[in-house]
Amino acid sequence: VKNFTLNFTITNLQFTADLQKPSSRRFKSTEKVMYHYVSPANNALLGHSSLSLSHLLPSPGHFAYFHNRDDTGVDAMCSYRDEPSGPKFNRTTIYHELSKMTNGITKLGHYSLNSQSLYVNG
């Protein structure tokens, strides 16, 4: 299993301090929405990928939000499981897949993204 982080900035989610408190209602609510969008099981974002659904897994409880000017930055911890018959982890491929699935890094569900903000660290 290869762990990696997706970093991106949401431009229509105003950052507030409670987004840094995992026990807060806003954090939990935002995390639930984010997990929905990046979960292959929900077929929202990663479910439309040409990457194998069994290979790319967001880790529930592993979202971090940070202040990025007036916007909200997101770090999402994910795992990629290499299978002998499947493609190997390639962060460039994952970046391009996510770019396509977010309309050129502009939309994630009802969230608007900073098109220069996507980074795959792994």
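The protein chain has 2 helices and 6 strands. This is a predicted model. Along the sequence, the pattern of the protein chain reads β-α-β-β-α-β-β-β.

**The chain overall**
- The protein chain has 122 residues, and 43% of them count as buried.
- The protein chain exposes about 6600 Å². Carbon and sulfur atoms supply 49% of that area.
- Take the contacts between residues at least 6 apart in sequence: 63% of these join residues at least 24 apart.

**The nonpolar core**
- The largest nonpolar core holds 26 residues.
- Which residues have the most contacts inside this core? They are Phe4, Phe8, Ile10 and Met34.
- Two helices, α1 (25-38) and α2 (91-101), each give two or more residues to the core.
- Strands β1 (2-10), β2 (56-68) and β3 (71-80) also each give two or more.

**A look at Phe8**
- Leave aside residues up to four places away in sequence, and Phe8 touches Met34, Thr72, Gly73, Val74, Leu108, Leu113, Ser117 and Leu118.
- Phe8 and Met34, which touch each other, are both among the residues with the most contacts inside the largest core.

**A look at Met77**
- Met77 lies in strand β3.
- Is Met77 buried, exposed or partly exposed? Its relative accessible area is 35%. Buried means under 20% and exposed means over 50%, so Met77 counts as partly exposed.
- Met77 and Asn3 are 74 residues apart along the chain. Their C-alpha atoms are separated by 7.2 Å.

Methods:
Residues are numbered from 1 along each chain as its sequence is written. This is a predicted model: local features need pLDDT of at least 70, side-chain atom pairs count only at pLDDT 80 or more; totals for chains, interfaces and linings use all residues. Side-chain values use heavy atoms; hydrogens and water are left out. A nonpolar core is a set of buried Ala, Val, Leu, Ile, Met, Phe, Trp, Tyr and Cys residues joined through side-chain atoms within 4.5 Å. Buried means under 20% relative accessible area, exposed over 50%, partly exposed in between (1.4 Å probe, protein chains only). Helices (H or I, at least four residues) and strands (E, at least two) are DSSP runs, numbered from the N terminus. Contact means heavy atoms within 4.5 Å. Accessible areas come from the Shrake-Rupley method with a 1.4 Å probe; for residues, only the protein chains shown count as cover.
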